[in-house]
Amino acid sequence: MPWRALLAVLCALTLTACSGSTAGLNSFQSPDGRYAFLYPTGWTRVSVSNGPQVVFHDLINSDETVSLVVSEVDGDDNLSQLGSAVAVGERLRRDVIAPEGSGREADLVEARERDASGRTFYDLEFAVHLADRDRHELATVVVDRGRLYTLATSTNEERWPKVQNLFERVISSFTLLI
């Protein structure tokens with residue numbers, strides 16, 4: 001009898017450990033094996049022409065997205081050569097999220113540097129103001145071999161408190177594999 005109780009405890013601990021940081025998330029890996037990241041379970045990939053390389057969105061809340069933009073930079077550049085986390089965040093805010101004439105306004109809420117697997121990432125948080133609603137966006141940027149990778153998550157401000165932790169896990173999951 002005691003061995004059954006022990007077995008039940010071991011099974012419970014194993015299931016709890018497996019459901020840790022990836023619970024509610026699926027894995028995506030690029031076809032060329034360069035990068036991978038997690039995205040929320042139940043989301044679907046959509047094709048966007050002349051836009052981000054990869055886009056997933058929630059089927060229920062279709063304005064919630066995860067997107068990856070890959071841009072070319074000088075092959076010798078590293079992230080710090082593009083500027084500090086705040087400088088890169090401000091440039092992203094000004095040139096991409098809320099460029100002049102777009103009708104959008106954005107505030108850089110937080111910018112921090114993070115090291116993972118020997119690489120420097122900048123994690124950025126934005127409050128975005130549209131004419132009809134407010135949104136919240138998290139992004140992470142990293143440079144590798146002449147490419148600037150920007151993985152971003154976005155939702156409306158009303159849903160932000162419910163998805164903040166999930167989105168933070170998505171952003172921090174971005175990994176360069178080769």
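This report describes the overall layout of a predicted protein model and then several of its local features.

**Overall architecture**

The protein comprises 4 helices and 10 strands. Along the sequence, these elements follow the order α-β-β-β-β-β-α-α-β-β-β-β-α-β. The protein has 178 residues, of which 39% count as buried.

**Helix H4**

Helix H4 covers residues 160-172, which makes 13 residues. From its first C-alpha to its last, H4 reaches 17 Å, close to the 18 Å expected at 1.5 Å a residue. The helix contains a kink of about 30 degrees, centred on Leu166.

Which residues of H4 are buried? They are Trp160, Val163, Phe167, Val170 and Ile171.

Trp160 belongs to helix H4, and it counts as buried because its relative accessibility is 6%, where the cut-off for burial is under 20%. Beyond its neighbours within four places in sequence, Trp160 is in contact with Glu125, His136, Leu138, Thr155 and Phe167. The C-alpha atoms of Trp160 and Arg135 are separated by 8.0 Å, although the two residues are 25 residues apart along the chain.

**Aromatic residues**

The whole structure holds 9 aromatic pairs. One of them joins Tyr149 and Phe174 in a tilted arrangement, with 5.8 Å from centre to centre and 45 degrees between the planes. Tyr149 lies in strand S9 (residues 147-156) and Phe174 in the loop between H4 and strand S10 (175-176), so this pair ties together parts that are 25 residues apart in sequence. Tyr149 counts as buried at 2% relative accessibility, and Phe174 is likewise buried at 2%.

Tyr149 and Phe174 also belong to a cluster linked by ring pairs, together with Phe28, Tyr35, Phe37, Tyr39 and Phe56. A further feature involving a ring is found at Phe121: Arg114 lies over the face of this residue, at 4.5 Å from the ring centre.

**Residues with positive phi**

Asn50 has a positive phi although it is not a glycine, and Arg145 is described in the like manner. Asn50 is located in the loop between strand S3 (43-46) and strand S4 (54-58). Arg145 is placed in the loop between strand S8 (134-144) and S9. The table sets out the values for these residues.

| Residue | Phi | Relative accessibility |
|---|---|---|
| Asn50 | about 55 degrees | 85%, exposed |
| Arg145 | about 50 degrees | 53%, exposed |

Why does Arg145 count as exposed? Its relative accessibility is 53%, and exposure requires a value over 50%.

**Summary**

In this model, H4 carries a kink centred on Leu166 and has Trp160 among its buried residues. Tyr149 and Phe174 form a tilted pair and take part in a cluster of rings. Asn50 and Arg145 are found in loops between strands.

How values were computed. Residues are numbered from 1 along each chain as its sequence is written. This is a predicted model: local features need pLDDT of at least 70, side-chain atom pairs count only at pLDDT 80 or more; totals for chains, interfaces and linings use all residues. Side-chain values use heavy atoms; hydrogens and water are left out. Helices (H or I, at least four residues) and strands (E, at least two) are DSSP runs, numbered from the N terminus. The expected span of a helix is 1.5 Å times one less than its number of residues. The bend at a residue is the angle between axes fitted to the seven residues ending there and the seven starting there. Buried means under 20% relative accessible area, exposed over 50%, partly exposed in between (1.4 Å probe, protein chains only). Rings of Phe, Tyr and Trp (its six-membered ring) pair if their centres lie within 6.5 Å; planes under 30 degrees apart count as stacked, over 60 as edge-to-face and the rest as tilted. A charge sits over a ring if NZ of Lys or CZ of Arg is within 6 Å of the ring centre and within 35 degrees of the ring normal. Contact means heavy atoms within 4.5 Å.
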